[in-house]
Amino acid sequence: MQGPDPISDDDRPDSSPTGAPAGAPSDSLPASGSRSKVLHDIRGLLSPALLSADRLSLHADPKVRELAEQIIRSIEQAAHRLKDLPPG
């Protein structure tokens, strides 16, 4: 069974502001200083799917287990790709 945390806690933000300029649209790309906050937020969005896939990987049906492992691999690859993005 895979661990539910593909992005390390080293990328968690401090209690600092988001770094977005005042009046910036909320859907704009974040400033480089908030990269770790975005990674943390995305990890939070992916965690329920990863936890569900982990549970499915214990299922009695081999096809369900195979599909669960595929989901786990995909989520982990996405998380690692996000972590490897260059800053800014």
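Helices are DSSP runs of H or I with at least four residues, numbered from the N terminus. By that rule, R55 lies in helix α1. The structure is a predicted model, and its chain holds 2 helices and 0 strands.

**The chain as a whole**

- The chain has 88 residues, and 19% of them are buried.
- Its accessible surface comes to about 6,300 Å², and carbon and sulfur atoms account for 56% of that surface.
- Among contacts in the chain with a separation of 6 or more, 72% join residues 24 or more positions apart.

**Confidence in the model**

- The mean pLDDT of the chain is 76, and 61% of the residues reach 70 or more.
- Over residues 7–25, pLDDT stays under 50.
- For this stretch, residues 7–25, the model has 21 contacts beyond four places in sequence.

**The pairing of the two helices**

- Helix α1 covers residues 35–56, and helix α2 covers residues 62–83.
- The axes of α1 and α2 come within 9 Å and cross at roughly 170°.
- Because angles over 145 degrees count as roughly antiparallel, α1 is described as roughly antiparallel to α2.
- On the α1 side, the contact is made by R35, L39, I42, L46, A49, L50, A53, D54 and L56.

- R55 has a relative accessible area of 69%.
- Since exposed means over 50% relative accessible area, R55 is classed as exposed.
- The C-alpha atom of R55 is separated by 8.3 Å from that of A68, and these residues are 13 apart along the chain.

- R65 and D54 are 11 residues apart along the chain, and their C-alpha atoms are separated by 9.0 Å.
- Apart from its neighbours within four places in sequence, R65 is in contact with L56, S57, L58, H59 and A60.

How values were computed:
Residues numbered from 1 in each chain as written. Predicted model: local features only at pLDDT ≥ 70, side-chain atom pairs only at ≥ 80, totals over all residues. Heavy atoms only, no water. Axes fitted to C-alpha atoms, helices over the stretch in contact; angles between N-to-C directions. Parallel < 35°, antiparallel > 145°, perpendicular 65-115°, else oblique. Contact = heavy atoms within 4.5 Å. Buried < 20%, exposed > 50% of the residue type's maximum accessible area, 1.4 Å probe, protein only. Areas by Shrake-Rupley, 256 points an atom, 1.4 Å probe, with all protein chains shown as cover. pLDDT = per-residue confidence, 0-100.
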